[in-house]
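Hi,

Here is the structure I said I would pass on. Have a look at it first, and then read on for what turned up.

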Amino acid sequence: MMRRFEDARILMYSHDTFGLGHLRRCRTIAHSLVEDYRGLNILIISGATIAGAFDYRARVDFVKVPSVIKLRNGEYTSLARHIDLHETLKMRQSIIRHTAETFQPDIFIVDKEPMGLKGEVEETLAYLKSRGTTLVLGLREVMDAPHLLEAEWKNNNVMRKIDQFYDAVWVYGPPDFYDPLVDLDVPASVREKMKFVGFLQRSLSNESAPTHVPEGDYILVTTGGGGDGADLVHNVIHAYQQDPTLQHKAFIVLGPYMPAKQRAKLVKKGSKIPQIQVIEFDNRMEELIAGAKAVVAMGGYNTYCEILSFDKPALIVPRVAPRAEQLIRAKRASELGLVEMLLPEQADNPLLLADVLKRLPHRAPPSQTGKGMRLEGLVHISEIVGAWLDEREQPLPAVAE
């Protein structure tokens with residue numbers, strides 16, 4: 001029996017400066033919750049430039065704030081070149097605050113950046129806390145190399161603010177995979193709020209038969225948003241050029257954020273090789289991963305959850321800078337036997353890469369090679385949210401005159 005709440009509301013925030021990771025994670029959680037609970041409405045605040053390119057279920061909607069992009073050096077700039085960063089941040093901050101005031105959520109879930117981009121969510125957190133909203137910080141199971149995260153958080157007093165504002169901290173991974181706050185000085189009061197909910201299981205929507213999945217067996221090559229994925233795609237194409245015995249079909253998705261020049265170059269290169277098909281973007285990656293024989297990826301959080309959910313043999317070639325997140329995840333997953341990993345400099349060697357690609361479709365799936373396959377995140381989140389909303393619906397005890 002599907003439970004029903006009278007007008008329950010959840011607001012989510014995803015700053016999304018580079019790539020699609022945060023938005024896709026929020027959307028996955030939102031879709032799972034509205035499926036479990038009738039009468040629940042979810043609004044996602046997103047800075048992703050292509051927030052509108054995805055479809056959203058009924059009762060899930062998004063508010064788009066002006067986009068800010070992260071440069072290679074880790075600095076931010078406005079996407080609209082003629083508006084300076086300060087103005088853009090002011091606009092974002094005011095839209096976020098106004099949305100919270102109008103929407104009046106029961107629960108506010110913030111993805112990854114505890115105070116939002118450049119602190120833009122702090123005033124909204126203070127406002128909602130005073131209104132009794134339950135405040136949740138959602139963290140990836142791997143954030144970054146501890147010394148980098150510590151430096152970033154120390155600067156802005158983040159740990160103290162997490163303690164001050166948040167009621168709960170959800171880690172989107174199992175406790176035995178990785179601790180996102182490893183080697184940081186975490187107060188006991190913050191540790192007590194932390195709950196390792198597990199990886200977020202992905203599934204296929206049963207709406208229609210996938211129409212756009214390629215025919216026959218294929219290896220899927222995906223670099224997520226694609227903003228920094230050109231090297232990996234280039235290396236895969238190069239391996240096919242150098243080793244004619246590599247006959248397995250490769251289906252390459254470039255990603256919406258790949259710079260146009262690189263994209264054009266790779267499309268042209270790929271078109272010369274009969275086994276390779278290149279497309280620019282697909283908003284239903286789940287179907288492509290589910291249909292693949294094996295997956296080659298950089299191993300961002302969402303792709304990794306999909307590889308485990310659909311139980312696919314995978315080769316991960318992680319990004320190693322400016323954040324160490326993908327590298328840490330790939331190392332840990334390969335230690336556990338879940339994936340095969342090559343460092344970017346190893347993948348630069350076309351014959352070595354060709355060799356791994358030839359073996360990949362025959363590799364046993366993660367469920368057979370590794371432990372720690374539990375994907376219970378959505379189930380656990382649903383249980384927690386259900387219990388919170390139940391409490392809210394309890395009428396207050398009558399006070400004796």
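A cut-off to start with: buried means under 20% relative accessible area, exposed means over 50%, and partly exposed is whatever lies in between. By that scale Arg 191, with a relative accessible area of 33%, is partly exposed. Please also keep in mind that this is a predicted model.

Salt bridges

Arg 191 has a partner in Asp 179, and the closest N and O atoms of this salt bridge are 2.8 Å apart. Asp 179 sits in the loop between strand E8 (168-172) and helix H6 (188-193), while Arg 191 belongs to helix H6, so the pair ties together parts that are 12 residues apart in sequence.

The count for the model comes to 31 salt bridges. Another one joins Arg 27 to Asp 55, with 3.1 Å between the closest N and O atoms. Here Arg 27 is in helix H1 (residues 21-36) and Asp 55 is in the loop between strand E2 (37-46) and strand E3 (60-64), so this pair ties together parts that are 28 residues apart in sequence. Arg 27 is buried, at a relative accessible area of 10%, whereas Asp 55 is partly exposed at 40%.

Glu 6 and Arg 4 also form a salt bridge, with their closest N and O atoms 3.6 Å apart. Both Glu 6 and Arg 4 are exposed. There is a network too: salt bridges link Arg 24, Arg 202, Glu 286 and Glu 306.

On the H1 side the contact is made by Gly 21, Arg 24 and Arg 25, and on the H10 side by Tyr 301, Asn 302 and Glu 306. By class, the residues of this contact of H1 with H10 are one nonpolar, two polar and three charged.

The other pair to look at is helix H3 (residues 122-130) with helix H5 (residues 158-165), whose axes come within 11 Å and cross at roughly 25 degrees. That angle makes H3 roughly parallel to H5, and their crossing is left-handed. Glu 122, Leu 125, Ala 126 and Lys 129 of H3 meet Lys 161, Gln 164 and Phe 165 of H5. The contact of H3 with H5 has three nonpolar, one polar and three charged residues.

Buried spots

Which residues does Met 285 touch, not counting those up to four places away in sequence? They are Arg 24, Leu 220, Thr 222, Val 253 and Glu 306, and Arg 24 and Glu 306 are among the residues of the salt-bridge network. Met 285 lies in helix H9 (residues 285-291) and is buried, with a relative accessible area of 9%. If you want a distance to orient yourself, Met 285 and Val 233 are 17 Å apart in space, C-alpha to C-alpha, and 52 residues apart in sequence.

Ser 46, in strand E2, is buried with a relative accessible area of 0%. Leaving aside neighbours within four places in sequence, Ser 46 is in contact with Ser 14, Asp 16, Leu 23, Ala 51, Val 63, Lys 64 and Val 65.

Helix H11 (residues 325-335) has a set of buried residues as well: Glu 325, Gln 326, Leu 327, Ile 328, Arg 329, Ala 330 and Ala 333. The buried residues of H11 pack against strand E7 (134-140), helix H10 (301-309), strand E14 (314-316) and strand E15 (340-341).

Backbone points

On one side of H11, the loop between E14 and H11 holds Pro 322, and the peptide bond from Ala 321 to Pro 322 is cis, with omega near 0 degrees. H11 is followed by Gly 337, which has a positive phi, near 80 degrees.

Two residues other than glycine have a positive phi as well. For Lys 118 it is near 50 degrees; Lys 118 lies in the loop between strand E6 (107-111) and H3 and counts as exposed, at 52% relative accessibility. For Asn 157 phi is about 60 degrees; Asn 157 is in the loop between helix H4 (146-155) and H5 and counts as partly exposed, at 37% relative accessibility.

Cheers

Definitions and conventions
Residues numbered from 1 in each chain as written. Predicted model: local features only at pLDDT ≥ 70, side-chain atom pairs only at ≥ 80, totals over all residues. Heavy atoms only, no water. Salt bridge = Lys/Arg side-chain N within 4 Å of Asp/Glu carboxyl O. Buried < 20%, exposed > 50% of the residue type's maximum accessible area, 1.4 Å probe, protein only. Helix = DSSP H or I, 4+ residues; strand = E, 2+ residues; numbered from the N terminus. Axes fitted to C-alpha atoms, helices over the stretch in contact; angles between N-to-C directions. Parallel < 35°, antiparallel > 145°, perpendicular 65-115°, else oblique. Left-handed = near helix turned anticlockwise from the far one by under 90°. Contact = heavy atoms within 4.5 Å. Nonpolar A, V, L, I, M, F, W, Y, C, P; charged D, E, K, R; others polar.
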